Amino acid sequence: MASSSPTQLAHVPIPPEPGGRSLTQEANEPQVPIHIVTDPLQLPADFLNPSPEKKLVIGFDCEGVDLCRHGKLCIMQIAFSNAIYLVDVIEGGEVLMKACKPALESTYITKVIHDCKRDSEALYFQFGIRLHNVVDTQIAYSLIEEQEGRRRPLDDYISFVSLLADPRYCGISYEEKEEVRVLMRQDPKFWTYRPMTELMIRAAADDVRFLLYLYHKMMGKLNQRSLWHLAVRGALYCRCLCCMNDADFADWPTVPPIPDNLKSEDQCLEEEILSVLDVPPGKMGRVIGRKGASILAIKEACNSAEILIGGAKGPPDKIFVIGPVKEVRKAEAILRGRMIDY
């Protein structure tokens with residue numbers, strides 16, 4: 001630990017074997033402290049100074065107002081096995097975020113997160129941080145489902161609440177999450193108020209305190225091929241809303257190559273890439289289709305490709321395609337065809 005001790009605010013239970021309970025029913029489980037951090041010295045030294053000798057795995061999440069490139073990042077949550085740190089971005093500002101940058105970009109610290117895209121976008125555009133080496137539990141869930149022969153609908157992405165509720169993983173009911181969502185709809189500035197309320201502290205901590213448990217549970221299910229896909233897609237999802245053209249890719253770490261052992265075992269395995277397409281003004285509706293029907297049809301035709309659009313948060317004129325090279329090129333051709341005037 002660093003020389004300056006963080007202020008201990010509360011205790012959060014982290015159950016070794018959750019299941020069949022709500023988060024508010026964990027009071028008798030082992031407790032870990034929650035710390036609010038406004039100064040870099042309040043963070044563990046091993047986090048601030050990543051090294052190959054002391055590799056770390058942490059739970060990670062961000063909270064803010066309209067979290068994206070244009071929103072406001074307010075809190076970063078970091079979960080260790082023995083403590084949770086709520087990094088107060090509003091109070092700590094640029095100095096605190098600059099101190100956290102090496103860890104967030106480090107290969108030696110694995111960041112376990114659920115749906116990294118918007119968090120990564122906010123970190124990149126607001127603080128110049130290129131989030132790297134993530135294990136995205138949303139991606140991991142889809143890979144496990146695919147690996148075990150269960151195919152989900154193309155437009156169905158597991159929410160964090162649903163993942164926690166799945167009895168194969170945690171079996172925990174996270175009802176308070178909806179309470180916070182209602183409060184955020186009523187007051188979008190919910191995460192900006194200081195000092196943080198007990199509800200803010202508890203909700204922020206709850207978003208990360210089961211991530212390490214999920215990480216170990218999921219890593220035990222994934223085979224070598226899926227683990228490679230997990231690493232590659234995590235890297236590509238982190239940068240997909242940050243790269244506006246091919247030139248931007250050079251600023252990010254190299255995507256993990258196909259391991260030699262998988263090359264010898266599976267000749268069908270392809271490198272995966274990210275492609276960014278510009279959509280001419282007035283054409284996005286045609287590309288998306290009614291209720292997303294066109295995008296879903298393209299995903300069906302290119303069954304290994306993921307197609308993402310910025311939506312309300314933007315960018316409004318870009319489409320991001322992720323997947324094996326051949327499927328991405330096929331999706332590109334179909335998408336460009338839909339942009340043509342007849």
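Modeller: A note on labels before we start: helices and strands are DSSP runs counted from the N terminus, where a helix (H or I) has at least four residues and a strand (E) at least two. This is a predicted model.

Colleague: Fine. Which element gives the largest share of the lining of the second largest pocket?

Modeller: H4 does, with seven residues.

Colleague: How much space lies in that second largest pocket?

Modeller: About 920 Å³. It is lined by 34 residues, and Ser-142, Glu-146, Arg-233, Asn-303 and Ser-304 are the closest to its centre. H4, H9 and strand E12 (318-324) are the elements that give two or more residues to this lining.

Colleague: And what is the lining of the second largest pocket by class?

Modeller: It has 12 nonpolar, nine polar and 13 charged residues.

Colleague: Which domains does that lining draw on?

Modeller: Domain 1 (27-233) and domain 2 (270-339), with at least three residues from each.

Colleague: Now the largest pocket. What volume does it have?

Modeller: About 1,400 Å³. There are 41 lining residues, and those closest to the centre are Leu-67, Asp-115, Arg-118, Arg-181 and Lys-313.

Colleague: Where does the largest pocket lie relative to the domains, and why?

Modeller: Between domain 1 (27-233) and domain 2 (270-339), because both give residues to its lining.

Colleague: Which element gives the most to the lining of the largest pocket?

Modeller: E4, with six residues. The elements that each supply at least two are strand E4 (56-65), helix H3 (117-127), helix H6 (176-186), helix H12 (293-301) and strand E11 (306-309).

Colleague: What about the classes in the lining of the largest pocket?

Modeller: The count is 22 nonpolar, five polar and 14 charged.

Colleague: Back to H4 and H9. At roughly what angle do their axes cross?

Modeller: Roughly 145°, and the axes come within 10 Å. H4 covers residues 137-147 and H9 covers 224-240.

Colleague: Is the crossing left-handed or right-handed?

Modeller: Right-handed, as H4 passes H9.

Colleague: Which residues meet there?

Modeller: On the H4 side, Ile-139, Ala-140, Leu-143 and Gln-147. On the H9 side, Ser-226, His-229, Leu-230, Arg-233, Gly-234 and Tyr-237. By class, this contact has five nonpolar, four polar and one charged residues.

Colleague: Switching to the backbone. Which residues does a cis peptide bond join?

Modeller: One joins Arg-194 and Pro-195, with omega about 0°. Another joins Gly-314 and Pro-315, again with omega about 0°. Most peptide bonds are trans.

Colleague: Where do Pro-195 and Pro-315 lie?

Modeller: Pro-195 is in the loop between H6 and helix H7 (198-206). Pro-315 is in the loop between E11 and E12.

Colleague: Which residue has a positive phi although it is not a glycine?

Modeller: Asn-133, at about 60°. Asn-133 lies in the loop between H3 and strand E8 (134-136). Most residues other than glycine have a negative phi.

Methods: Residues numbered from 1 in each chain as written. Predicted model: local features only at pLDDT ≥ 70, side-chain atom pairs only at ≥ 80, totals over all residues. Heavy atoms only, no water. Axes fitted to C-alpha atoms, helices over the stretch in contact; angles between N-to-C directions. Left-handed = near helix turned anticlockwise from the far one by under 90°. Contact = heavy atoms within 4.5 Å. Nonpolar A, V, L, I, M, F, W, Y, C, P; charged D, E, K, R; others polar. 1 Å grid on protein atoms, 1.4 Å probe; cavity = no way out; pocket = protein on both sides within 12 Å on 5 of 7 lines; lining within 4 Å. Points joined across faces, edges and corners; volume = space filled by probe spheres on them. Domains from an automatic or database assignment.
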